[in-house]
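User: I am new to this structure and would like to learn how to read it. Could you walk me through its features one at a time?

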Amino acid sequence: MRLDSILACVMVCAFVFASGCDDEDPAVPVAQPVMDTPTPAPAPTPAAPEAPPVGEAPAQGGATLPRAEDVLPADEVSQGSLVVSGDGFRFQIPPTFTPVEVEGAVVAYSGSVNGNMSPTTLTLSVTKAPFDGDLAALVAEKRAEVTASGGTAREMPGLMTVQGEMASSTRLRATVNGVEHLYVFGVHEGQAYTLQCEIGAGSMPWANAGTACMIRGTTFHVAPPATN
């Protein structure tokens, strides 16, 4: 067979092979076009709530509390604190504290503090009532109340401010039903003022946060002059 005949045969066979030599062979499926599915847009991330500025913690009644550095004499300031003022008294709290209700108290705030061993909760509250006796009588009355409830109490020396002057005072550390309290007392013009610092539950609560209560007790000021 001539070369040109052989080449012609090869070309025909190649064409037949490429086109499909058997009519009964199934047709090669044709790929269908793929439709683009739009990717859903991600949901917007909610904005984090803004933290209240320092010096604007909520006060009872909806007002805000001033920073101690802004309104108090330098020798009375507990750094970084806010000032709580009431009828005839004031004291200072950490800026993270918020108002709470304490039975019998005219004002109360509570919040977390870093204790000597672990974080804990302090609750600071003030009571005010007419009183005919002196400071010693007020301390004795509270001590009898603690003892009658099954608790224990002991007196501790301390300092507090009355009418802008620092003076020696007496404090009472009490344990009632396993809960630790520190009481700071003031008597002025027939009124008894008591600041109570209560320490939240925990291991060795007084060793952990007694110092924090003592510091807050020192900020208690009875019959203070007007702030700036």
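This is a predicted model: local features need pLDDT of at least 70, side-chain atom pairs count only at pLDDT 80 or more; totals for chains, interfaces and linings use all residues.

User: How many bridges join strand 6 to strand 7, and do they run parallel or antiparallel?

Analyst: Start with the terms: helices (H or I, at least four residues) and strands (E, at least two) are DSSP runs, numbered from the N terminus. Two strands pair if DSSP finds at least two bridges between them. Here, strand 6 and strand 7 run antiparallel and are joined by 11 bridges. Residues are numbered from 1 along each chain as its sequence is written, and side-chain values use heavy atoms, leaving out hydrogens and water.

User: What lies between strand 6 and strand 7 in their hairpin?

Analyst: Two residues lie between the strands of that hairpin, and Q163 takes a positive phi near 50 degrees. Strand 7 and strand 8 also form a hairpin with two residues between them. In that turn, N177 has a positive phi of about 55 degrees. Strand 7 and strand 8 pair in the antiparallel sense over six bridges, and R171 stands opposite V184 in strand 8.

User: In what order do the strands form the sheet?

Analyst: To read a sheet, follow its strands from neighbour to neighbour. The 10 strands form an open sheet in the order 1-2-10-6-7-8-9-5-4-3, with mixed pairing. Its edge strands are strand 1 and strand 3 (98–99), each pairing on one side only. A parallel case is found between strand 6 (residues 152–162) and strand 10, which pair over two bridges. There, V162 has V222 in strand 10 as its bridge partner.

User: Which strands does helix 3 touch as it packs on the sheet?

Analyst: Contact means heavy atoms within 4.5 Å. For directions, axes are lines fitted to C-alpha atoms, for helices over the stretch in contact, and angles run from 0 to 180 degrees between N-to-C directions. Helix 3 (residues 135–148) touches strand 6, strand 7 (165–176), strand 8 (179–188) and strand 9 (191–199). The direction of helix 3 makes about 155 degrees with that of strand 8. Helix 4 lies across several strands, including strand 2 and strand 5 (119–130), and runs at about 150 degrees to strand 9.

User: What is the pattern of helices and strands along the sequence?

Analyst: The protein has four helices and 10 strands. Read along the sequence, they follow the pattern α-α-β-β-β-β-β-α-β-β-β-β-α-β. Among contacts between residues at least 6 apart in sequence, 49% join residues at least 24 apart.

User: Is F89 buried or exposed?

Analyst: Buried means under 20% relative accessible area, exposed over 50%, and partly exposed in between (1.4 Å probe, protein chains only). F89 has a relative accessible area of 2%, so F89 is buried. This residue lies in strand 2 (residues 89–93). Not counting residues up to four places away in sequence, F89 touches V84, V106, Y193 and H221, among others. F89 and H221 are 132 residues apart in sequence, yet their C-alpha atoms are 5.5 Å apart in space. Across the protein, buried residues make up 34% of the 228 residues.

User: How many aromatic pairs are found in the whole structure?

Analyst: Rings of Phe, Tyr and Trp (its six-membered ring) pair if their centres lie within 6.5 Å; planes under 30 degrees apart count as stacked, over 60 as edge-to-face and the rest as tilted. The search finds four aromatic pairs. One of them is the tilted pair of F89 and F220, at 6.4 Å centre to centre and 55 degrees between the planes.

User: Why does the pair of F89 and F220 tie together separate parts of the sequence?

Analyst: F89 lies in strand 2 and F220 in the loop between helix 4 (205–218) and strand 10 (221–222), so the pair ties together parts 131 residues apart in sequence. Both residues, F89 and F220, are buried. Y183 and F185 form a stacked pair, at 6.3 Å centre to centre and 20 degrees between the planes. Both Y183 and F185 are buried. Finally, F89, F91, Y193 and F220 form one aromatic cluster.
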